[in-house]
Amino acid sequence: MSLNVSGEIWQPVRLTLELASLTTIILLVLGTPLAWWLARSKSWWKEGVAALVAVPLVLPPTVLGFYLLIALGPNGPGGMLATLWGGRTLAFTFPGLVIGSVLFSMPFVVQPIRNAFEAMGDRPMEVAATLRASPWRAFWSVAVPLASPGFLTGAILGFAHTVGEFGVVLMIGGSVPGKTKVLSVAIYDYVETSQWTEASVLALGMIVFSFCVILTMTLIEKRVARLAS
Amino acid sequence: MKPSRLLVAALGAAACLLATVNAFASSTNVAVAANFTDAAKEIAAKFKAKTGHEAVLSFGASGQFYTQIKESGPFQILLSADDERPKKLVEEGLAVPESRFTYAIGKLVLWSKDPNTVKGEETLKANAFSKLSIANPTAAPYGAAAVETLKALKLYDVMQPKIVMGNTISQAFQFVDTGNAELGFVALSQLAGDKGGSQWMVPQSLYSEIRQDAVLLKSGAGNEAAAAFMTFLKGPEARAVIEKFGYALDPKSGT
């Protein structure tokens with residue numbers, strides 16, 4: 001019995017780590033060009049785009065969950081996408097959760113990277129250009145290393161926020177073990193069914209995890225400040 | 001300062017308003033199992049019209065309410081979706097023993113938005129769908145009844161990979177309503193007012209009766225509105241509403 005319980009308890013942990021890792025990777029790939037554009041563009045409507053990216057910060061997860069449930073369904077774009085591999089909805093699936101997570105964690109990744117690009121200023125890229133570095137080369141060998149603390153902060157925050165998300169996942173997940181039953185949902189289920197031992201093990205783990213994340217962030221910031229001065 | 005004076009005036013007016021309302025009637029907080037949502041709203045409206053008392057309704061999973069009540073949640077009455085949890089609350093000394101009664105007997109339905117999908121148990125046996133929505137069987141009695149039905153039909157093992165779980169029966173309904181699951185086990189009460197599609201009334205022989213019990217909590221023992229609501233729930237007006245929403249009634253519980 002106790003073995004049974006512990007096996008069941010680790011599945012949501014593994015699933016959550018997979019979800020958060022994949023989401024973070026996707027967000028770094030999508031978020032970097034977006035952050036670069038937000039930091040460097042002179043376009044008048046870029047703050048509109050920035051606000052749109054930041055909207056999940058203030059929206060209740062139920063708003064996102066509600067629209068995602070419809071958008072991922074058979075009458076939305078998600079359903080159309082799902083027919084490519086013979087499904088009819090992206091709700092209740094791991095890819096569906098990844099889409100949701102990318103949307104609601106995006107501001108946590110894009111903003112720190114954008115801030116880092118902005119703090120760097122125009123000068124390093126101009127210098128690189130006078131040394132005949134191509135913009136592509138200058139980006140990778142000058143901008144990215146200079147902005148690396150921003151990338152690190154963004155990656156950690158994006159990962160942590162995905163681990164911590166609950167409302168959206170509850171609304172679009174369907175609590176399928178091994179596919180959509182992530183940590184936060186598992187804890188909720190355990191509490192609701194009075195399995196407090198299991199709930200405590202996972203909940204305490206989350207507290208320790210969150211503490212470590214915040215501590216790491218603070219230490220990185222301190223180190224960066226010291227290096228800068 | 002003008003704005004603060006305005007604020008004080010507004011607060012004063014609000015307080016007067018509250019005081020006058022309170023002079024005539026009191027209110028009670030009722031925790032309502034999700035499947036009973038629509039019926040409870042109608043009953044609360046009738047209750048208010050008749051007695052002047054207000055029943056403030058909170059909707060959720062019975063399991064969640066049970067946990068909250070154990071941690072002294074702010075309710076005076078629980079309308080559960082089962083009889084286990086009210087019984088347990090009585091045993092644990094959190095509810096008034098003689099107040100417990102069965103206010104409704106729930107009916108399980110297999111439902112699809114598509115008018116041609118559900119034909120009967122053969123729809124399940126034919127297995128021509130990708131997702132079957134049920135309520136979480138450990139927290140919601142209608143979910144447990146759904147699992148019981150699948151086991152009685154010897155289909156549970158085949159269906160398991162297709163099952164998606166809503167946290168409450170409302171969410172199980174919502175998964176079918178948004179088209180994300182082709183079919184699902186819902187409460188007959190949720191289909192009141194003609195939601196369309198196709199449905200199969202699951203025969204009572206396939207699952208144990210869903211006896212939904214109401215219980216007055218110890219925290220509501222002295223509350224006039226709470227006592228009045230419990231009485232009203234047993235009366236003919238409330239029972240007519242409950243029947244209209246597709247529940248069966250326990251002949252022993254009427255007044």
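How many residues of chain B are in contact with residues of chain A? In this predicted model, 16 residues of chain B are in contact with 19 residues of chain A. On the side of chain B that touches chain A, the elements giving two or more residues are helix H3 (62–70) and strand E7 (163–166) of chain B, and H3(B) gives the most, with three residues. By class, this side of chain B is made up of five nonpolar, ten polar and one charged residues.

Chain B itself has a secondary structure of ten helices and ten strands, and buried residues make up 45% of its 255 residues. Among the contacts in chain B with a separation of 6 or more, 80% are accounted for by residues 24 or more positions apart.

An open sheet of five strands is found in chain B, with the order E2-E1-E3-E10-E4 and mixed pairing. Strand E2 (54–60) and strand E4 (101–106) of chain B each have a single partner strand and stand at the edges, so one side of each is left without a neighbour in the sheet. From one strand to the next, the twist averages 20°. Helix H4 (residues 84–91) of chain B packs on the sheet, where it touches strand E3 (77–79) and strand E10 (210–216) of chain B, and the direction of the helix makes about 35° with that of E10(B).

The pairing within the sheet can be followed strand by strand. Strand E1 (residues 27–33) of chain B pairs with E2(B) in the parallel sense over seven bridges, and within this pair Ser27(B) stands opposite Glu54(B) in E2(B). By contrast, E3(B) and E10(B) pair in the antiparallel sense over three bridges, with Val215(B) in E10(B) as the bridge partner of Leu78(B). E4(B) and E10(B) also run antiparallel and are joined by five bridges; here the bridge partner of Gly106(B) is Ile210(B) in E10(B).

Seven of the seven residues of E10(B) are buried, so this strand is largely enclosed by the rest of the structure. In a regular strand the side chains alternate between the two faces of the sheet. In E10(B), Ile210(B), Gln212(B), Ala214(B) and Leu216(B) point one way, whereas Arg211(B), Asp213(B) and Val215(B) point the other way, and all are buried.

The largest nonpolar core has 118 residues, and those with the most contacts inside it are Ile77(B), Leu78(B), Leu79(B) and Tyr142(B). Helix H5 (residues 94–120) of chain A supplies the largest share of this core, ten residues. Within chain B, domain 1 (2–105 + 212–253) and domain 2 (108–201) both give residues to the core, so it lies between them. When neighbours within four places in sequence are left aside, Tyr142(B) is in contact with Asn35(B), Ala81(B), Gly106(B), Leu108(B), Ala135(B), Ile169(B), Phe185(B), Ala187(B) and Ile210(B).

Lys252(B) is found in the segment after helix H10 (236–244) of chain B. This residue counts as exposed because it has 7 C-beta neighbours inside 10 Å, the cut-off for exposure being 12 or fewer. Although Lys252(B) and Thr102(B) are 150 residues apart along the chain, their C-alpha atoms are separated by 8.4 Å.

Key: Residues numbered from 1 in each chain as written. Chains lettered and ligands numbered in written order. Predicted model: local features only at pLDDT ≥ 70, side-chain atom pairs only at ≥ 80, totals over all residues. Pairing = 2+ DSSP bridges. Helix = DSSP H or I, 4+ residues; strand = E, 2+ residues; numbered from the N terminus. Axes fitted to C-alpha atoms, helices over the stretch in contact; angles between N-to-C directions. Contact = placed C-beta atoms within 7 Å. Core = buried A, V, L, I, M, F, W, Y, C linked by C-beta atoms within 7 Å. Buried ≥ 20, exposed ≤ 12 C-beta atoms within 10 Å, placed from the backbone. Domains from an automatic or database assignment. Nonpolar A, V, L, I, M, F, W, Y, C, P; charged D, E, K, R; others polar.
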